[in-house]
Amino acid sequence: MQEAFERTGRSVNITVSPVKHQQKERLLSGYTSPNLMMWSAALASCAVPSIFPPVQLQQKDEKGNHAAYMPNMRWVDGSVVSDLPIERLMHLHDVNFSIVSQTNPHVVPFLKEEHADKNRLRDLPSKILKGELRFHGQAVSDYLRKHNQNEIVRQGAGQIYSMLSQRYQGDVTLYPKYKLSHYAKVLSNPSSDFISELMMQGQRATWPRLAMIRTHAKISKTLE
């Protein structure tokens, strides 16, 4: 990761979650783990629990050979525990304004529209339902992770609680509008037409927020 930063001047930061519940999530970058192989960090960040196996991270030793990084540890998708490590990015890179591209299929339906008309009564039932589902889901999973004796149930409840209780939005959040047909293709290899459709959804989500991003970028450059 340090070599990548030296070649490009861009600091790539990847979050991963531990399989063992007593361990903490990690933000992997050229600062925190300079010898880490970036491809192994990216592989771990894509390891969705119960779908892909946990990943052992790889590093480059002083002789340039590949070796295990924390050999006894295995890692999975960072969104399980820390999808947006905004506070750590603030400390590491002095980031004070975040632009988030949120595409997690289990998160997008619960995001709040930033510029929605608050007086639209027809949207009120769906807003109440989303809030109730998140509140009760968080309460049930919190109870199970603290009081259930089954280790598998307790770990699963802990992961669900972490996903429901963390923050998924930044100062500007870009997210597509998923259809039910999109969810049917989550675990399949996407076709070229499907990728093009998702790219168009991403562009449509970005256009209304370009003015806000441009304004904040001017303020940031002026202050700098």
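Which residues is leucine 28 in contact with, leaving aside its neighbours within four places in sequence? Point 3 takes this up.

1. **The model.** This is a predicted model: local features need pLDDT of at least 70, side-chain atom pairs count only at pLDDT 80 or more, and totals for chains, interfaces and linings use all residues. Residues are numbered from 1 along each chain as its sequence is written, and side-chain values use heavy atoms, with hydrogens and water left out. The pLDDT is the predictor's confidence in each residue, from 0 to 100. The protein chain averages 79. At least 70 is the score of 74% of the residues.

2. Helices (H or I, at least four residues) and strands (E, at least two) are DSSP runs, numbered from the N terminus. The protein chain has 8 helices and 7 strands. Confidence is highest in helix H2 (residues 38-45), with a mean of 94. Helix H4 (residues 124-147) is where confidence is lowest, with a mean of 54. Residues 124-130 have a pLDDT below 50. Beyond near neighbours in sequence, this stretch has 4 contacts in the model; contact means heavy atoms within 4.5 Å. Where pLDDT is low, the predicted coordinates should not be read in detail.

3. **The largest core.** Buried means under 20% relative accessible area, exposed over 50%, and partly exposed in between (1.4 Å probe, protein chains only). A nonpolar core is a set of buried Ala, Val, Leu, Ile, Met, Phe, Trp, Tyr and Cys residues joined through side-chain atoms within 4.5 Å. The largest one here has 14 residues. Leu28, Leu36 and Leu57 touch the most other members. Strand E1 (14-18), H2 and strand E5 (75-77) each give two or more residues to this core. Now the opening question. Leaving aside neighbours within four places in sequence, leucine 28 is in contact with Met1, Val12, Asn13, Ile14, Val16, Ser33, Leu36, Ala41 and Leu57.

4. **A second core.** There is also a separate core of 5 residues. Val107, Leu111, Tyr168 and Tyr175 are among them. In soluble globular proteins, nonpolar side chains tend to be buried together.

5. **Chain totals.** The protein chain has 224 residues, and 26% of them are buried. Among contacts with a separation of 6 or more, 65% join residues 24 or more positions apart.

6. **Alanine 47 and valine 48.** Both sit in the loop between H2 and strand E3 (58-60). Is alanine 47 buried or exposed? It is buried, at 3% relative accessibility. Not counting residues up to four places away in sequence, alanine 47 touches Phe52, Pro53, Val55, Trp75, Val76 and Asp77. Valine 48 is partly exposed, with a relative accessible area of 31%. Val48, Ile51, Phe52, Tyr183, Val186 and Leu187 make a nonpolar surface patch of about 550 Å². Patches are made of residues with over 30% relative accessible area and no salt bridge: like charges are joined within 9 Å, nonpolar side chains (Val, Leu, Ile, Met, Phe, Trp, Tyr) within 5 Å.

7. **The salt bridge.** How many salt bridges does the structure hold? It holds 1. A salt bridge is a side-chain nitrogen of Lys or Arg within 4 Å of a carboxyl oxygen of Asp or Glu. Here the side chains of glutamate 3 and lysine 60 meet (3.4 Å, N to O). Glutamate 3 lies in helix H1 (residues 2-8) and lysine 60 in strand E3, so the pair ties together parts 57 residues apart in sequence. Glutamate 3 is partly exposed at 43% relative accessibility. Lysine 60 is partly exposed at 27%.

8. **Glutamine 58.** This residue is also placed in strand E3. Glutamine 58 counts as buried, at 17% relative accessibility. Leaving aside neighbours within four places in sequence, its contacts are Leu36, Met37, Trp39, Ser40, His66, Ala67, Ala68 and Tyr69.

9. **Two positive phi values.** Most residues other than glycine have a negative phi. Methionine 70 has a positive phi, near 55°. It lies in the loop between strand E4 (66-68) and E5, and is partly exposed at 25%. Aspartate 94 has a positive phi of about 60°. Its place is the loop between helix H3 (86-93) and strand E6 (99-101). Aspartate 94 is exposed, with a relative accessible area of 64%.

Note on methods. Accessible areas come from the Shrake-Rupley method with a 1.4 Å probe; for residues, only the protein chains shown count as cover.
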